[in-house]
Amino acid sequence: MTGPDDERGEYPEEYPDHPEELPEGEGGVRSPEESAEDAVISAVLDQIRGGESPDVVPAQSTVAGYAEFLAVDAVLDRRWPEAVMEPSLDRIQALVDVLGDPQRGYPVVHITGTNGKTSVSRMVDALLSEIGLRTGRYTSPHLQRATERINLDNRPISPEKYVSTYRDVEPFLELIDAKQPTPLSKFEVLTAMAYSAFADAPVEAGIVEVGLGGRWDATNVVDAAVAVITPIGLDHAEFLGTDLLGIAREKAGIIKPGSVAVLAAQDKDVAEVLIERCAEVDAQVAREGAEFGVRERELAVGGQRLSLQGLSGTYDEIFLPLHGEHQASNAAIALAAAEALVGAGPQQPLDPEAVRAAFAGVRSPGRLEPMDGGVGRPTVLIDAAHNPHGARALAAALLSEFRFARLVGVIGVMRDKDAKGLLEALEPALHEVVITRNSSSRAMDPDELGELAVEVFGRDRVSVEPHLQAAIDQAVELAEEAGDSGVGVIVTGSVVTAGETRTLYGKEPA
């Protein structure tokens, strides 16, 4: 399976079976990949020299280094797109084989599920880092910059490190492509890059988020010590189908012999499928609501205060600077996963102060994240909810933890998503919506999405503005009509929509 649970893979009208079939650049002297790199580097340097985007280069990078990073990412984009799937582990296995199996050099927490994977990944990373382990984290999709996907020591790698890691893998790509009926996808190459970067660091623990599904996902060449399965719902029906139990079996494929399976609370039938897999491979089981869970939860300024039951005991007075009951559940899952990886138990629990410090410092960009609306301006929040399951969790958090006199939604959705289901899930929490689109070629046409919104909200509550910045401005104006307090805007519907909004507000990738 080539692609992640990702909204960034594009659907070009045509793409070749092999990269070498791409048209060559001017003169036909340099390879297509080299020509693409040269063109991107030249364009970025011209842009920076012209002063059009003075903040385009991240603080930790150089102009030339950042231009080369963009060029490499452009070359990767010429591979099979991330949203195209060819279920097989043959390609990625062949690649990691020639790289010396870097994924086997450290214990791994492997995380799948429908929603919550990235938040759980970040929490596990924070916990393991706080207790002194050197960590590597691989997540997808990114909000703003591809470097967000590969993290060392709980921080995204630099653009220069991204390039050097690609250069380490690059010599083997043509070799593998030539031997496979289908070439390596971008996601498969990124996965190999992450595993190589972790081995090179070296890390003491890897935290790996599944791209899409589980069994055939490119990340599943690891034999993870701990397999985490967050709540399972319907998403990516075009790839995974609408059979919830079939989806559960696919995701259960990351549970390996002798591992520990950390299972979120699930629908009864889904839970039975997961337990059957655990029995089949003789994996230990830790279940939310049984072996671990949230004991107490109360709202606090800037987040929530929790008491968590872990596998090794109870951890009280935990401040989590994230909103929503679903994030409390994610915290319990992450705690159990970290405990399982290091073998913590009743006789040797994790240091409670380290647990508190780790959770207090957790960030999950794009998850009910506030933007700076300015003094006296409406609160602007962003959230990457992109399916009905995630939208229901978002709506519940908005209704239970915020007291908006008027909340206006800015919604841009991908056309392959259950847009109407997402709108229906959000409707109880929103007074009005401004329908828009993001820059992806997969974005749903705003007029089409607007008609669906009218069916759900009624025509009087729906506006359409195809440009994201203008849509946010319009939503702010609509919110302000209710006064200067207790009003807000939530921008949601897609990872890309959330990421582009972060960029508009000048937020650095994290």
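A residue is called buried here when its relative accessible area is under 20%, exposed when over 50% and partly exposed in between (1.4 Å probe, protein chains only). The model is predicted, and local features need pLDDT of at least 70, side-chain atom pairs count only at pLDDT 80 or more, and totals for chains, interfaces and linings use all residues. Residues are numbered from 1 along each chain as its sequence is written, and side-chain values use heavy atoms, with hydrogens and water left out.

**Whole chain.** Display the protein as a cartoon: it has 16 helices and 17 strands (DSSP runs, helices being H or I of at least four residues and strands E of at least two, numbered from the N terminus). Of its 510 residues, 57% are buried.

**Phe 198 and Tyr 106.** Select Phe 198, which is buried with a relative accessible area of 0%. Rings of Phe, Tyr and Trp (its six-membered ring) pair if their centres lie within 6.5 Å; planes under 30 degrees apart are stacked, over 60 edge-to-face and the rest tilted. Phe 198 forms an edge-to-face pair with Tyr 106, at 5.9 Å centre to centre and 75 degrees between the planes. Tyr 106 lies in the loop between helix H3 (90-98) and strand E1 (108-112), and Phe 198 in helix H6 (residues 186-200), so the pair ties together parts that are 92 residues apart in sequence. Tyr 106 is buried too, at 7%.

**Phe 69 and Tyr 162.** Among the five aromatic pairs in the whole structure, select next the edge-to-face pair of Phe 69 and Tyr 162, 5.0 Å centre to centre with 85 degrees between the planes. Phe 69 belongs to helix H2 (residues 63-77) and Tyr 162 to helix H5 (residues 159-179), 93 residues apart. Phe 69 is buried at 2% relative accessibility, and Tyr 162 at 0%.

**Second largest pocket.** Centre the view on Asn 115, Gly 116, His 326, Gly 390 and Ala 393, which lie nearest the centre of this pocket among its 33 lining residues. A pocket is an open set of points on a 1 Å grid over the protein atoms alone, where a 1.4 Å probe fits, with protein on both sides within 12 Å along at least five of seven lines; lining residues have an atom within 4 Å of a point. Helices H4 (117-130), H10 (325-342) and H12 (388-401) each give two or more residues to the lining. H12 gives the most, with eight residues.
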